[in-house]
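Reader: Could you walk me through this model, please?
Author: Gladly; here it is.

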Amino acid sequence: MNTVDLTFCLKGAQPVFLRDTVMYLATKAVRRLPPSVSHRLAIKILKYDLLPHPVLKFDCLSNNLWGINFSNPVGMSAGFDKECEAVNGLFGMAFGFVETGTVTPEPQPGNPAPNLFRLEEDRALINWLGFPSRGLEKFSDRLERTVKIRKGPTGANIGINAKTTDPLEDIAKCAERLSNHADYLVVNVSCPNTPGLIEWQTPRGVERMLAVAREACLRAGKRAPILLKLSPDLEMYNLEPIVSSSLNAGVSGLIISNTTVSRPSELLSENSVKCGGLSGVPLASLSHKMLCCVSKITSGSIPLIAAGGISSSQDAYDRIRSGASLIQIYTALIYRGPQLVAEIVNGLARLLKSDGFSSISEAVGVNYC
Ligand SMILES: Cc1cc2nc3c(=O)[nH]c(=O)nc-3n(C[C@H](O)[C@H](O)[C@H](O)COP(=O)(O)O)c2cc1C
């Protein structure tokens, strides 16, 4: 958009249009900065809750899962607010829930920079961050401080230290410390950037991880729902046994999916050769296929959360129809800006209505692929 277009847009503009135009331009400007700098800037802006708050209320979008009320099904995916600093700023953007973390028990720097790359032409990112974390103590204090003031369900995604000698103990420590402050916990066994972590994605591995997390929550006196986040790179023949074993271990829900180490052949950007997990539009079909498989296996017995390349209300609605009760976004926000959240929420209400559904739960899984 050039200056002439902009002047034209702003003349006689409606407040919402004006706000969205400014946000669009701001998002474009922020994307000119190096990815890690623009991320830090976004966290600061949200920490001080400086963005406009769209007012949205659609009864048809609210849903009760695990005894928790979600005002809408659109969530902030893990990895954006790793340190739990921006929770209420994110709710102000119209998110229905926020997942903080991944947090590790001990502070660690993560992988050396550069570790985050934009793939502009592909509307994608590759990250090789490796769980940078200021550690469980500080994270837990910040999460606890949000309990009384936060405006919606807030999950904590828990992981292991790169140099750990006891991954099960890492998960237990995080679960015990956070279960009283988080509305739900996510055991992350699917990040491709932490050595040895994805090796826990076996039937026996997930069973042990979930068991220690559950025992730790009980020790802390809380039965927080425990979810598991899976990788889209799992071979299909492994998926069924892993999901079955998670169900046997009492998992409360599954997040499908994390980033992929695969590189779809259609990628155009030079940065597609970088190491790490790919997210955004090129991940969408892989994550959606996996969601369909998991929906078939679980057949509605536990709630599923869809993540991976969701960038429009139609994408979100398609995942809901394929079995997701909630959806999460991350990469699309980088390209489309904060107004995307309200756009997806509004669009979802419209799509539900046009298909004759009076609530989101009626649409969950109607396609069952
Ligand atoms: C920069 C970046 C950092 C991420 N960090 C984490 C993380 O710490 N823990 C996690 O479970 N997922 C992490 N993810 C994965 C996202 O939560 C999400 O599952 C994935 O990006 C797919 O969604 P998207 O295509 O909407 O981005 C990260 C993703 C990105 C782009």
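Author: A residue is called buried if 20 or more other C-beta atoms, placed from the backbone, lie within 10 Å of its own, exposed if 12 or fewer do, and partly exposed in between. Residues are numbered from 1 along each chain as its sequence is written. The model is predicted, so local features need pLDDT of at least 70 and side-chain atom pairs count only at pLDDT 80 or more, while totals for chains, interfaces and linings use all residues.

Reader: Within what arc do the buried residues of α9 fall, seen down its axis?
Author: Helices here are DSSP runs of H or I with at least four residues, and strands are E runs of at least two, numbered from the N terminus. Helix α9 spans residues 284–298, and its buried residues include His 288, Met 290, Leu 291 and Val 294. The arc is taken from the directions from the helix axis to the C-beta atoms. The buried residues of α9 line one face of the helix, because they fall within an arc of 160°.

Reader: Which residues is Leu 254 in contact with, leaving aside its neighbours within four places in sequence?
Author: Contact means C-beta atoms, placed from the backbone, within 7 Å. With those neighbours left aside, the partners of Leu 254 are Leu 227, Leu 228, Leu 230, Val 243, Ser 246, Val 294, Ile 302 and Leu 304.

Reader: Which residues come nearest to the ligand?
Author: A residue is near a molecule if its C-beta atom, placed from the backbone, lies within 6 Å of it. There are 27 residues around the ligand, and those that come nearest are Ser 77, Gly 79, Ser 279, Tyr 330 and Thr 331.

Conventions:
Expected span 1.5 Å × (residues − 1). Contact = placed C-beta atoms within 7 Å.
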